[in-house]
Amino acid sequence: MKKLLTIILVAFIAISFTFAGGSSDAKSGEDRIYEGVELNMWSMWNAAEPQGQILQQAADEFYDETGARINIEFRGRDISTIINTALQGEENIDIFEEDYTRIAQQYAPYCYDLTEMAAAAGYEGKSYALFNNMSKTWSGFLCSITEQPNMGGIFYDKAKFEAAGITETPTTWDEFLAVCQQLVDAGYQPLALDSTYADFNFGYHLDRYIGEATTTELSLNGGWSDNPGVAAAAEDIIDFINRGYLAEGAPDEYPAGQNKIGFENVAMVVCADYVTSEVNNNTGAGIEWGVFNYPTVPVEEGGNGSTASYAGTNSLAITSYSENPQVAFDFIMKLVTGKWDQERADKVPQIPADPSNTCTSLDGAVETLMASDSSLSWAMGLNANGDLRTMIKDVIIQLFEGRFATGEEFAAALDALY
């Protein structure tokens, strides 16, 4: 009888606790340090997307743990067309998502300086210097936190590399040429190319000689023949083609070239990371992808040693007028580090924002971003001249078509456009 009464008493206490809103997993009132705080967040995702679902789950957990409620408005991709006006009007926004370039170059006056909070949280060890450096360079302070990195480089079919006996990815141009020869010897065509990406491909190589700033200046004003790095970069491409390392028929019409990785025996392509899903979706090949940074041309070999990479990221920022910036920052840290960042890396899939997490979809992505200390824009300055952009690209396509016997001829063809 005594035992029965004890069981009834325990059950009664448990039921009372449940009706009072408690649970065995809930934090105590003392632990919920932000009890009653509410933040408003504008998201660039939709609620049904994996990113949106994970964002909401993280917000729910943050509320359970801290007592702070994150009210998420899923604005979708159109956020870029409305956020600037909203910030100017100081709408009720504490956190927003956008491209990190626009945050730093357009919205920085309305963003909270995250430098001190990031230092206190040890954020430097949980992020990529590449994005932090560029954010500070553009805005003068750390104005955003990396959320969803993307990158460019050389993407490759891991199975073909393994079949060719390639165990290490190249870092220099000479090492890259050796890898290409190893692929040819094993019966593979090394590199796919669509004409759509001809300027992106050559822009990467030109950066290894003269850098993006100089390329931009030449694009705007001409003088290509006066810079020996232009002819040297073009000579490398001519040599590359003559060695038989460019896939047969390249440059192709998009996406025929990149699809050859799925349909044929082509191993690599220079592009941005979305190419991996495009090829797999287009061809059904189910390729396991790897990536490495575009090879450097060492100074002793005539290059500038650049390791910069095309990279960008969707990022999170806190408004300068938020009344609870520390709470907002703590929630952002929950999103971009630890389990929720890994959850997105696995389910979206994406490159993790926290380099200590694992990139299950793209081998080498984290290492490539970690090895870069600055980023390149699309085409690395080749498209800076709006009037001549298309014609410059046409000359570059001609380079990949093998129409120039020397780098000097290529440079002269560019100068002829001015």
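The questions and answers below go through a predicted model of one chain.

Residues are numbered from 1 along each chain as its sequence is written. In this predicted model, local features need pLDDT of at least 70 and side-chain atom pairs count only at pLDDT 80 or more, while totals for chains, interfaces and linings use all residues; side-chain values use heavy atoms, with hydrogens and water left out.

Q: How many helices and strands does the chain have?
A: Helices (H or I, at least four residues) and strands (E, at least two) are DSSP runs, numbered from the N terminus. Counted in this way, the chain has 17 helices and 9 strands.

Q: What percentage of the residues in the chain is buried?
A: Buried means under 20% relative accessible area, exposed means over 50%, and partly exposed lies in between (1.4 Å probe, protein chains only). The chain has 418 residues. The buried part of them is 53%.

Q: Which residue of strand S7 is the bridge partner of Phe 155?
A: Two strands pair if DSSP finds at least two bridges between them. Strand S4 (residues 145-157) and S7 pair in the antiparallel sense, over 4 bridges. Within S7, Phe 155 has as its bridge partner Val 291.

Q: Which residues of S7 point the other way from Trp 289 and Val 291?
A: In a regular strand the side chains alternate between the two faces of the sheet. Strand S7 covers residues 289-292, and its four residues are all buried. Trp 289 and Val 291 point one way, and pointing the other way are Gly 290 and Phe 292.

Q: Why is the pair of Tyr 100 and Phe 131 called edge-to-face?
A: The whole structure has 22 aromatic pairs; rings of Phe, Tyr and Trp (its six-membered ring) pair if their centres lie within 6.5 Å, and planes under 30 degrees apart count as stacked, over 60 as edge-to-face and the rest as tilted. The centres of the Tyr 100 and Phe 131 rings are 5.4 Å apart. The pair is edge-to-face because the angle between the ring planes is 85 degrees.

Q: Which helices hold Tyr 100 and Phe 131?
A: Both Tyr 100 and Phe 131 are buried. They are 31 residues apart, so the pair links distant parts of the chain. Tyr 100 is in helix H4 (residues 100-107), and Phe 131 is in helix H6 (residues 129-139).

Q: What is the angle between the ring planes of Phe 176 and Phe 240?
A: Phe 176 in helix H8 (residues 173-185) and Phe 240 in helix H10 (residues 228-242) are 64 residues apart. Both are buried. The rings are stacked, with 6.0 Å from centre to centre and an angle between the planes of 5 degrees.

Q: Why do H8 and H10 count as roughly parallel?
A: Axes are lines fitted to C-alpha atoms, for helices over the stretch in contact, and angles run from 0 to 180 degrees between N-to-C directions. Angles under 35 degrees count as roughly parallel, over 145 as roughly antiparallel, 65 to 115 as roughly perpendicular and the rest as oblique. The axes of H8 and H10 are 12 Å apart, at an angle of about 15 degrees. The two helices are therefore roughly parallel.

Q: At what angle do the axes of H9 and H16 cross?
A: Helix H9 (residues 198-221) and helix H16 (residues 389-400) have axes that come within 12 Å. H9 is oblique to H16. The axes cross at roughly 135 degrees.

Q: Which ring does the charged end of Arg 75 sit over?
A: A charge sits over a ring if NZ of Lys or CZ of Arg is within 6 Å of the ring centre and within 35 degrees of the ring normal. The charged end of Arg 69 sits over the ring of Tyr 63, 4.1 Å from its centre. For Arg 75 the distance is 3.9 Å, and the ring is that of Trp 42.

Q: Is Met 380 buried or exposed?
A: Met 380 lies in the loop between S9 and H16. Its phi is near 55 degrees, a positive value in a residue other than glycine. With a relative accessible area of 0%, Met 380 is buried.

Q: Where is Pro 251?
A: A cis peptide bond joins Ala 250 and Pro 251, with omega about 0 degrees. Pro 251 is in the loop between H10 and helix H11 (256-263).
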